[in-house]
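Hi,

Here is the structure I promised to pass on.

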Amino acid sequence: MSDPLSRRDALKKLALLLGAAGVADAYAPARAAELPHLSPDDPNAVALAYHLDASTVDPKQFPTYRRGQSCDSCLQLQGKEGDPWRPCNLFPGQLVNAKGWCRVWVPKN
Ligand code: SF4
């Protein structure tokens, strides 16, 4: 026979867990804003030719670069539209400059 109190307790605990997850999600943008900015000198950044400012990319050195490309128009950029520094799928735990660029730029759909 089932114990109605145990079931009620279990449902309360589940509700608390779901509530805590919702609160954690609410703080996700704030946590992202606290992440360090990716340095162009970071070895992973160097490997992907990350530039802080896309307008400084030399098209002769990086022939895949086209004027108008920037992190802001890249499919890999995450976070809030308009923020100057945002997460990128390729550089977890750091923020890239929305005006930046790297050699794996992919257009948004
Ligand atoms: S993958 Fe896209 S958003 Fe990330 S650094 Fe490269 S160009 Fe910027």
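A word on terms before the notes: a residue is called buried under 20% relative accessible area, exposed over 50%, and partly exposed in between, using a 1.4 Å probe and protein chains only. Bear in mind that this is a predicted model, where local features need pLDDT of at least 70 and side-chain atom pairs count only at pLDDT 80 or more, while totals for chains, interfaces and linings use all residues. Residue numbers start from 1 along each chain as its sequence is written, and side-chain values use heavy atoms, with hydrogens and water left out.

First, the overall layout. The protein chain has 3 helices and 2 strands, taken from DSSP runs (H or I of at least four residues for helices, E of at least two for strands) and numbered from the N terminus. Their order from that end is α-α-α-β-β. The chain has 109 residues, and 24% of them count as buried. Taking contacts (heavy atoms within 4.5 Å) between residues at least 6 apart in sequence, 60% join residues at least 24 apart.

Next, the salt bridges, meaning a side-chain nitrogen of Lys or Arg within 4 Å of a carboxyl oxygen of Asp or Glu. Searching the whole structure turns up 2 of them.

- Asp72 pairs with Arg86, with 3.2 Å between the closest N and O atoms. This pair links distant parts of the chain, 14 residues apart: Asp72 is in the loop between helix 3 (43-47) and strand 1 (85-87), and Arg86 is in strand 1. Arg86 is buried at 3% relative accessible area, whereas Asp72 is partly exposed at 32%.
- Lys108 pairs with Glu81 at 3.7 Å, N to O. Here too distant parts of the chain are linked, 27 residues apart: Lys108 lies in the segment after strand 2 (95-97), and Glu81 in the loop between helix 3 and strand 1. Lys108 is partly exposed with a relative accessible area of 36%, and Glu81 is exposed with 54%.

Finally, the ligand. Which residues are around the ligand? They are Cys71, Cys74, Gln76, Leu77, Cys88, Phe91, Cys102, Val104 and Trp105, going by a heavy atom within 4 Å. By class, this shell has 8 nonpolar residues, 1 polar and no charged ones, with Ala, Val, Leu, Ile, Met, Phe, Trp, Tyr, Cys and Pro counted as nonpolar, Asp, Glu, Lys and Arg as charged, and the others, Gly among them, as polar.

Cheers
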